[in-house]
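Subject: Structure handover

Dear colleague,

Please find below the structure that I promised to pass on to you. My notes on what was found in it follow directly after.

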Amino acid sequence: MKVLITGSTGFLGSRVVDLGLRAGWDVVALVRPSTDLAAVPWDSEKVDIIRGDLRQPGPWGDQIAAAGIDVVVHLAAATSGDIGDQVVNTLVSTENLLAALDHDRLRRFVHISTFSVYDYSSPRPGSLLDEESRIEPLPARRDPYTQTKRAQEAAVRQALGDRTELVILRPGAIYGPGASWDHGAAVTLGRFALIFSPQAELRLCHVDNCAAAVVEAVRSPEAAGEVVNLVDDDLPTHAEFFAMCRDRGMTSRIGVPVPWVAVDTVARLLALLDRTRLGGAIKLPELLAHRRQQARWKPMRYTNQRAKDLLGWRPERSISEGISTLADAGSNR
Amino acid sequence: MTERSARRLRVGVVGCGAISHEHLRHISRSPSAELVAVCDRSPIVGRFARDQYGARRSYVSTDDMFAAEQLDVVHVITPPHTHESVVVQALDAGCDVICEKPLAPDAATMATLLDHARSTHRVLVETRNLLYNDPVVRIDHLRTSGALGDVREVDLAISIDLAAGPFGDPNLSGPGVGLPGGAVHDMLPHLSYLFLHLAGATDVDGITGWLRNTGGNPRVGFDALDAVVEAGAVQGHLRIAPASCPDSFRIRVGGTDRSVETDLYQPYLRIQGGRDVGRRAAIEQIRSGGRLALAAFSNVGSKVFDNGTYQGIPRMLERAYDAIRSGGEPPVSAENILAAARLTDLIVGLASPSTDTPGEP
């Protein structure tokens, strides 16, 4: 089975390549022209390399079309940057990829989306957010990441139609060595770390667990046509995650809990002020922008039951082990 | 009252790349305009812009857009080397045009486009957004009120690593900017129109200096400029430096009575001279310190209100819309556009075979 992996040198992509090789895939990796193969974290001798940049059509498109790709794992996307950057790196890249594929041969497309596409404003605090939950109806009020990832999902669905099996994976906050999510802190002020919504579940997914789920999404027959959320078992709260990281010496800051009701109230007042007095002109950071803030800190419950049922996936790394991988990588502050 | 002045202008946008979001955000909120259509050669980018900013329709072909829509105004925000054909098409479709700078790669092409606009009785405006930024407005007020005395110096210095962004991205093929001056050319219109405006000049008498590729990245073309310009009694120093930190856009206007300086990226205003010289210089420093402290609050406010370096775009667009609706003078005249283009040509001409070799200092 020939599997094309985009974003193959990234945080998640490099682990997917590694696991894919172990699973016996013929891995085809699209890597940027300037990438030093000696520095990639997988065995480049065992991978078919296609040099190219998804942002720009080029010879790589013909090479992909001719490569006999059975499955695509599409991980490439921007996770930060201004809206112009994210449109190019997420949307244009996806459009160019879809245009290059041999759709007659392509059997399955595993698309890596995100929890950020969901609507967090409508559900009541404490309710379950699962695959049936509503997609954000007002993306313009969210951040460019939500806006472009939502549009990216729609574009993939439209382009593939019924021709190809589509599996959409929506991971939570992917963490692991080098990605600590600030140990659960919303903001740090000198020796203090503000822990917003301390009792809310932090929807974590360890990068190794996430990569394993991607592998299962490639081969699971039941996953065809499905949307699957990915979070680990036994999710900690923001406060618990911070405490565990602190216990492992990753941060020496003092955690200051800020209850959700306080976070929510301040943001509501600012939103009201903006709407009634300032004509909707203010641009607040995620910490204070109501709709964006809800997506990050509103207390919700999460489940990975569908991932377990359809993918046969079990998150092998516990939260405690996952934090150990952070500590071992030196994610100290 | 004309038919146009009684209703909102029907606006279309061609090109939905990075800078388009600054235009689209304003158009979607403007009391003078209605965002009817967007057009981008990438369907996904066009659809995204349509959905994000509430346009009625998106197109991938300008032919289709102009055939289907009765537009009053078209914003041309495509890559600069494609402006010419899109502008002509829009003018021929009976639209007034607001085009991102540079309107064309050289003054001769701009003259042709402006002639075409005149012959079709349409407005053609090149963006001049920095003239509408708060610090520039305040400097201009000092200049025109005579507070500076007679202007003698206009120094414009940009610190920015043009190779660090998409212009120099080694993973992309082709030139970063398809203009004779390479990546630097994208900034040159700002330098040209700001110098001429702040010097109160319509042309320059001479220019010396160099235009170079200091980093050796071939996609950039040129990334550094150092030029001295003379316009009557005013001397200008125009610089683009890729190696210093932080990014900045410094403006200093020196007059016979006072001088004033700012940085458009981290705005503040410092006014020196007048009576506060010699033993009274400390008073000026206290005043400037106060202004700097106030600028800190003002800059936080600008962040909150999304009123950054592009703050001039909505102001300029409204001026352009007003002119189009009322049949009045556009915010920038054809003569001004051409004068800045001639200065830009002179700057581009500073690149010589001995200095345009990538990597050569």
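Because its relative accessibility is 65%, A:Arg22 counts as exposed, where exposed means over 50% relative accessible area, buried under 20%, and partly exposed in between, with a 1.4 Å probe and protein chains only. Please keep in mind that this is a predicted model, in which local features need pLDDT of at least 70 and side-chain atom pairs count only at pLDDT 80 or more, while totals for chains, interfaces and linings use all residues. Residues are numbered from 1 along each chain as its sequence is written, chains are lettered from A and ligands numbered from 1 in the order in which they are written, and side-chain values use heavy atoms, with hydrogens and water left out.

The side chain of A:Arg22 meets that of A:Asp18 in a salt bridge, at 3.2 Å from N to O; the term stands for a side-chain nitrogen of Lys or Arg within 4 Å of a carboxyl oxygen of Asp or Glu. Both residues lie in helix H1 (residues 13–22) of chain A, four residues apart, or about one turn of the helix, helices being DSSP runs of H or I with at least four residues and strands runs of E with at least two, numbered from the N terminus. A:Asp18, at 29% relative accessibility, counts as partly exposed.

A second salt bridge in chain A joins the side chains of A:Glu153 and A:Arg170, at 2.8 Å from N to O. This pair links distant parts of the chain, with A:Glu153 in helix H4 (residues 144–160) and A:Arg170 in strand S7 (residues 165–171), 17 residues apart, and both A:Glu153 and A:Arg170 are buried.

In chain B, the side chains of B:Asp72 and B:Arg7 meet in a salt bridge at 2.6 Å, N to O. B:Asp72 lies in the loop between helix H3 (62–68) and strand S4 (73–76), and B:Arg7 in the segment before strand S1 (9–14), so the pair ties together parts that are 65 residues apart in sequence. B:Asp72 counts as buried at 7% relative accessibility, whereas B:Arg7 is partly exposed at 26%. By the same rule, the count over all chains comes to 40 salt bridges.

Turning to helix H9 (residues 281–304) of chain B, its buried residues are B:Glu284, B:Ser288, B:Ala295 and B:Ser302. After H9 of chain B comes B:Asp306, whose phi is positive, near 55°.
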